[in-house]
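Reader: I would like to learn how to read the packing of a model residue by residue. Please show me the case.

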Amino acid sequence: MKRIAGFEKVSLTQFAEDWKKTHPEMNDEKIRTIYDSIRLPKRATSGSAGYDFYAPSDLVIEAGREMLIPTGIRARIEEGYVLMLFPRSSLGFKYRLQLDNTAGIIDSDYWYADNEGHIMCKLINDSREGKTVSVSAGTAFVQGLFIPFGITEDDDAQTKRTGGIGSTTKTI
């Protein structure tokens, strides 16, 4: 198996900035506690394709509601690969839990984004039975797969990434 990537935490400063956007009521001490408990993604078994991302805190998403989750994680990815994120199968089956953009795409140059390449997951509970999703801190909630990709023979992309979501359509 070729080793093509590595996971790291973003800085505490970046995590706190992003966490406060979704939890403005939370104090710095509690954010530090959450940050300190973040686990890097891991495969559960030697045959697993996906790397489990773990909930940084308890998550409760009522039916029909959505939640943005700063994971505290960034991925250094070799050129020619992409990290794709998907909800854990069990949460999809039980609750119709979905990523709001259907599948997360983390490009190799996202590492250099202004937000340190902080991976965010926006989940929506699309339960048709009114079920509430509860995920305890430290429990796997999404999984990431590293996938090789190709480019066209006449590709001439030269633009450098600066930001996060939506930044690749902006030129510098």
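Reader: Which residues does Gly-50 touch, not counting residues up to four places away in sequence?

Author: Contact means heavy atoms within 4.5 Å. By that rule Gly-50 touches Lys-42, Arg-43, Gln-143, Gly-144 and Leu-145. This is a predicted model, in which local features need pLDDT of at least 70 and side-chain atom pairs count only at pLDDT 80 or more, while totals for chains, interfaces and linings use all residues. Residues are numbered from 1 along each chain as its sequence is written, and side-chain values use heavy atoms, with hydrogens and water left out.

Reader: Where is Gly-50 placed, and is Gly-50 buried or exposed?

Author: Helices (H or I, at least four residues) and strands (E, at least two) are DSSP runs, numbered from the N terminus. Gly-50 sits in the loop between α2 and β2 (51-54). Buried means under 20% relative accessible area, exposed over 50%, and partly exposed in between, with a 1.4 Å probe and protein chains only. Gly-50 has a relative accessible area of 8%, so it is buried.

Reader: Which residues are buried in helix α2?

Author: In α2 (residues 28-37) they are Ile-31, Ile-34 and Tyr-35. Down the axis of α2, these buried residues fall within an arc of 100°, so they line one face of the helix; the arc is that of the directions from the helix axis to the C-beta atoms. They pack against β1 (5-9) and α1 (12-22).

Reader: Which residue caps the N-terminal end of α2?

Author: A polar contact is a pair of N or O atoms within 3.5 Å; within protein, one must be able to donate a hydrogen and the other to accept it, and residues adjacent in sequence count only if both atoms are side-chain atoms. Asn-27 is the cap, with a side-chain oxygen 3.1 Å from the backbone nitrogen of Glu-29.

Reader: At what angle do α1 and α2 pack?

Author: Axes are lines fitted to C-alpha atoms, for helices over the stretch in contact, and angles run from 0 to 180 degrees between N-to-C directions. Here the angle is about 115°, with the axes of α1 and α2 10 Å apart. Leu-12, Phe-15, Ala-16, Trp-19 and Lys-20 in α1 meet Asp-28, Ile-31, Arg-32, Ile-34 and Tyr-35 in α2.

Reader: What covers the buried residues of α1?

Author: The buried residues of α1 are Gln-14, Phe-15, Ala-16, Asp-18 and Trp-19. Their cover includes α2, β4 and β9 (120-125).

Reader: Where is Thr-71 found, and what does its side chain reach?

Author: Thr-71 lies in the loop between β4 (66-70) and β5 (73-77). Its relative accessible area is 1%, so Thr-71 is buried. Its side chain reaches the backbone nitrogen of Ile-73 at 3.1 Å. Leaving aside neighbours within four places in sequence, the contacts of Thr-71 include Phe-15, Ile-38 and His-118.

Reader: Which backbone nitrogens lie by the side chain of Ser-127?

Author: Ser-127 is in the loop between β9 and β10 (133-135). Its side chain reaches the backbone nitrogen of Glu-129 at 3.2 Å, and a polar atom of that side chain lies 3.2 Å from the backbone nitrogen of Gly-130. Ser-127 is buried, with a relative accessible area of 12%.

Reader: Where does Thr-102 lie, and is Thr-102 buried or exposed?

Author: Thr-102 lies in the loop between β7 (97-99) and β8 (104-106). Its relative accessibility is 62%, so Thr-102 counts as exposed. Thr-102 has a positive phi of about 70°, although it is not a glycine.
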